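Please read it beside the sequence and the coordinates.

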Amino acid sequence: MTAAPRPWALLAELTHGCPLHCPYCSNPLELVRRSRELTTAEWAEVMRQAGELGVVHTHLSGGEPLLRGDLAEIVTAAESAGIYTQLVTSGVGLDRARLATLTAAGLRSVQLSLQHADPAASDRIAGHRSYAAKERAAALVRAAGLPLGINVVLHRDNLDALDAIIRRGLDWGADRIELANTQFYGWALRNRDALLPTRDQLARARDTVQRWRDRLGGGALDLVWVVPDYFDGVAKPCMGGWGAVSLTVAPDGTVLPCPAAASLPDLDPPTVRDHPLEWIWDHSGAFNRYRGEEWMREPCRTCPRRAEDFGGCRCQAYALTGDAARTDPACALSPDHAVIRALTTGPGHPAGADPPAPTGGYAYRKPGG
């Protein structure tokens, strides 16, 4: 086994508790209960070990991390370990005093979720009245002088509003707008039929993004388009490669190579309550199972792209084929690519068709859902 590269990124899922119930959430269907979450001291130790391992950037995420009363202490621990902290939040619960406390603790930036430019549509998608809180949070972040990112998960119900969504991000003073097409894991997979867009929607959205990029030129706004998994015939590398650049620590201390890996059977992921992060990264079976190329089968084993896409996403391969070691069906060369074609060109989503009107028929993300 070759030595693993050092990770530079950490996704710290501080809690699965959340006031929002977004149907596209990639959290697992079995959410971690608050009673099983890591303590303040345990998260501080995670940050210390992560810094020693080489991590330089962490997303403080969830769920909603603002539900943690000890969030400032966790930020301080990360800052002390030399780790840049970004708060990933719905904005619900962020007020001036809380933000001042977090900034004093060392918080460096904020990423705010946005479901739609229209307040009613945003609240309907989120399953909670939250648009007004987001607007207030954006203003507070800008007033505090912190970098502001807006993250928009794109799907059938909001792709056609992309122009208005980008305008809203600009109005709110965003430095970065991440337009992330839905990845179908966890709750998003359960809601795939309600979320999956058409090819025409995606084509129009790509055109909209390009028009905005042309209009903005080389300005301060970073407009990011995260390509959809199901439509381009090209597999995306899993988190930059399985166990290559990042690790995820779940609320109960389970350590995963990517946020969706909890869905894989027999992975037996380790926990920080049993092992140090360095051992987990270097020696655990979970992190070494799909690391590198030795595990690959054909057509990946001899594919010239194997060092670029690493066979695609292991969690997506499992979700679509029941076998995490198969080539990601998103790849046009996969023997299972017909599964993707059926989803994107079948009777429910014929190529070139306009999407049906939103029905609100979501399975909203809730404990016990």
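Gly 54 sits in the loop between helix H1 (40–53) and strand E2 (57–61), where helices (H or I, at least four residues) and strands (E, at least two) are DSSP runs numbered from the N terminus. The model is a predicted one, in which local features need pLDDT of at least 70 and side-chain atom pairs count only at pLDDT 80 or more, while totals for chains, interfaces and linings use all residues. Residues are numbered from 1 along each chain as its sequence is written, and side-chain values use heavy atoms, with hydrogens and water left out.

With a relative accessible area of 29%, Gly 54 is partly exposed; buried means under 20% relative accessible area, exposed over 50%, and partly exposed in between, with a 1.4 Å probe and protein chains only. Not counting residues up to four places away in sequence, Gly 54 touches Pro 7 and Trp 8, contact being defined as heavy atoms within 4.5 Å. From C-alpha to C-alpha, Gly 54 and Arg 192 are 37 Å apart in space, and 138 residues separate them in sequence.

Ala 244 belongs to the loop between strand E7 (222–226) and strand E8 (246–249), and its relative accessibility of 18% makes it count as buried. Ala 244 lies 240 residues from Ala 4 in sequence, yet their C-alpha atoms are 7.1 Å apart in space. When residues up to four places away in sequence are not counted, Ala 244 touches Pro 5, Arg 6 and Trp 281.

**Core and cavity**

In soluble globular proteins, nonpolar side chains tend to be buried together. Here the largest nonpolar core has 101 residues, and those with the most contacts inside it are Leu 10, Trp 43, Met 47, Leu 102, Ile 150, Leu 179 and Trp 225; such a core is a set of buried Ala, Val, Leu, Ile, Met, Phe, Trp, Tyr and Cys residues joined through side-chain atoms within 4.5 Å. Leaving aside neighbours within four places in sequence, Leu 102 is in contact with Leu 66, Leu 71, Ala 72, Val 75, Leu 87, Leu 94 and Leu 107.

The structure holds one cavity of 30 Å³ or more, a cavity being a set of points, on a 1 Å grid over the protein atoms alone, where a 1.4 Å probe fits but cannot get out, with lining residues having an atom within 4 Å of a point. The largest cavity has a volume of about 50 Å³, volume being the space filled by probe spheres set on the points, which are joined across faces, edges and corners. Its lining is made up of Leu 154, His 155, Asn 181, Thr 182, Phe 184, Leu 195, Pro 197, Leu 202, Pro 228, Asp 229, Tyr 230 and Phe 231. By class, eight of the residues lining the largest cavity are nonpolar, three polar and one charged.

**Helix H13 and the cysteines**

In helix H13 (residues 314–321), the buried residues are Arg 314, Cys 315, Gln 316, Ala 317 and Leu 320. Their cover includes helix H8 (192–195) and helix H14 (337–345), and just after H13, Gly 322 takes a positive phi of about 85°.

A search of the whole structure finds zero disulfides, a disulfide being a pair of cysteine sulfur atoms within 2.5 Å. Cys 303 is in no disulfide, and the nearest cysteine sulfur, that of Cys 331, is 6.3 Å away; Cys 303 is buried, with a relative accessible area of 14%. The sulfur of Cys 315 is 3.6 Å from the closest cysteine sulfur, in Cys 258, which is too far for a bond, and Cys 315 is buried, with a relative accessible area of 1%.

**Backbone geometry**

| Cis peptide bond | Omega |
|---|---|
| Gly 62 to Gly 63 | near 5° |
| Glu 298 to Pro 299 | about 5° |

Gly 63 lies in the loop between E2 and helix H2 (71–80), whereas Pro 299 lies in the loop between helix H11 (285–288) and helix H12 (306–309).

Asp 266 has a positive phi of about 65° although it is not a glycine, and it is found in the loop between strand E9 (255–256) and helix H10 (277–283). Asp 268, likewise in the loop between E9 and H10, has a positive phi near 50°. Asp 266 counts as exposed at 67% relative accessibility, and Asp 268 is exposed with a relative accessible area of 66%.

Key
On a 1 Å grid over the protein atoms alone, a cavity is a set of points where a 1.4 Å probe fits but cannot get out, and a pocket is an open set with protein on both sides within 12 Å along at least five of seven lines; lining residues have an atom within 4 Å of a point. Ala, Val, Leu, Ile, Met, Phe, Trp, Tyr, Cys and Pro count as nonpolar, Asp, Glu, Lys and Arg as charged, and the others, Gly among them, as polar.
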